[in-house]
Amino acid sequence: MKKHILVVPGDGIGAEVTAVGKQVLEVIAQKFGHEFTYDEALIGHVAIEATGSPLPEETLTKMKSADAVLFGAVGHPKYDNDPSAKVRPEQGLLQMRKELGLYANLRPIKLFDELLEASSIKPEILRGADILFFRELTGDVYFGKRERLEEGNTAYDTMIYSKYEVERIVRKAFEAARTRSKRLCSVDKANVLESSRLWREVVQAIAPEYPDVTVEHQFIDAAAMLLIKDPKRFDVVVTGNLFGDILTDEASQIAGSMGMLASASVGDSTGVYEPIHGSAHDITGKGVANPLASVLSVALLLEISFGLKAEAEAVISAVDAVLKGGYRTRDIADADTPADKVLGTNQMGEQVLAQLA
Ligand code: NAD
């Protein structure tokens, strides 16, 4: 298979982990006889520094013509501590999602058995948890009207959803539920928010088209509690942009670390595959970032954008084998991990590549 992949490392540890992800793609191409070509582009702080824009036109054009995008992260402390900055790295991310119509963000939360002890949740609660989140990505408060009033002393953001925006992501979630345990949980705040009442109405209207799928509704506050109390009760979860943002970070604790969670953003155009973590400037340049979220993002890219299921499974099995071998990056190591098994970013990458080869 011939495919063209755009690598967009972005900021901070984005560059460190994406380099490992790309190496995994190269080995997969070699092993399975595919021809992958690559290009690189800027986004975020590095793009602002080079061009003045967080999403240069050139990057967007390259994204639109690629078969898939392997993405790192954006963000820089310079902007985090300056709320008045007019140009910000995250604008690049939001604009990319809007321009590419990436309305569905898929976040599989699956705990590798070897990491049961790395989570702050009790192993007996966690064992067997396997959740697929569908987070809506191009609506909600992130894109609604916002304003400062009264000389800056009052501010508002608008939580806004249109019926078609809810329909398209909910359908994707129903389709996925069909291929899994046929259970779908929709998360909203319909007891308070009008946009959530619309959300729930749409889910209820679509449900009869999928009679084989059992649907439940949870309020976001209850869902946040249940996710920690009994993660196994969830299978496919669909929710809006803001609730999904918070819930999936919470769910990262089920997988042991932010450094283990991959995501796929899909919609109208090229799919974008990225770890759920940010640019992590506290560890940038130290060579300790966990690259496995980027590696697992490659598995999603292979399966979802290219339909290469066996290749995706090979990547996941390689990660599993490395963890079974006792190797850990710092974020997933514990007191019992022998010092010689605590690896840096590149060494962890080398272990995965060795397993693949
Ligand atoms: P973060 O995800 O970057 O880091 C949170 C914590 O998790 C940090 O302690 C970090 O060291 C750790 N961590 C994250 N990824 C890790 C990895 N692969 N290996 C080991 N440890 C890891 O979130 P933050 O600190 O809230 O934000 C930092 C910057 O990233 C901000 O500028 C923020 O806006 C941005 N951000 C970007 C994205 C994105 O690009 N999609 C997502 C979230 C945050």
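I take a polar contact to be a pair of N or O atoms within 3.5 Å; within protein, one must be able to donate a hydrogen and the other to accept it, and residues adjacent in sequence count only if both atoms are side-chain atoms.

**Entry 1, conventions.** I work on a predicted model, in which local features need pLDDT of at least 70, side-chain atom pairs count only at pLDDT 80 or more, and totals for chains, interfaces and linings use all residues. Residues are numbered from 1 along each chain as its sequence is written, and side-chain values use heavy atoms, with hydrogens and water left out.

I looked up Asp 80 and found a polar side-chain atom 2.8 Å from an oxygen atom of the ligand. For His 277, a side-chain N or O atom is 3.2 Å from a ligand nitrogen. Ser 279 contributes a polar backbone atom, 3.1 Å from a ligand oxygen. The ligand alone exposes 810 Å², of which the protein buries 70% (Shrake-Rupley method, 1.4 Å probe).

I noted 21 residues around the ligand (a heavy atom within 4 Å). The closest are Val 74, Asp 80, Glu 90, Gly 278 and Ala 280.

I consulted UniProt, whose unreviewed entry places the feature "binding site" at Asp 221, Asp 245 and Asp 249. These residues span 29 residues of sequence yet cluster in space, with a largest C-alpha distance of 14.4 Å.

I located Asp 245 in helix α10, residues 241–251 (a DSSP run of H or I, at least four residues). Asp 245 counts as partly exposed because its relative accessibility is 25%, where buried means under 20% and exposed over 50% (1.4 Å probe, protein chains only).

Technical notes
UniProt positions renumbered as here; feature names shortened; annotations may be inferred. Helix = DSSP H or I, 4+ residues; strand = E, 2+ residues; numbered from the N terminus.
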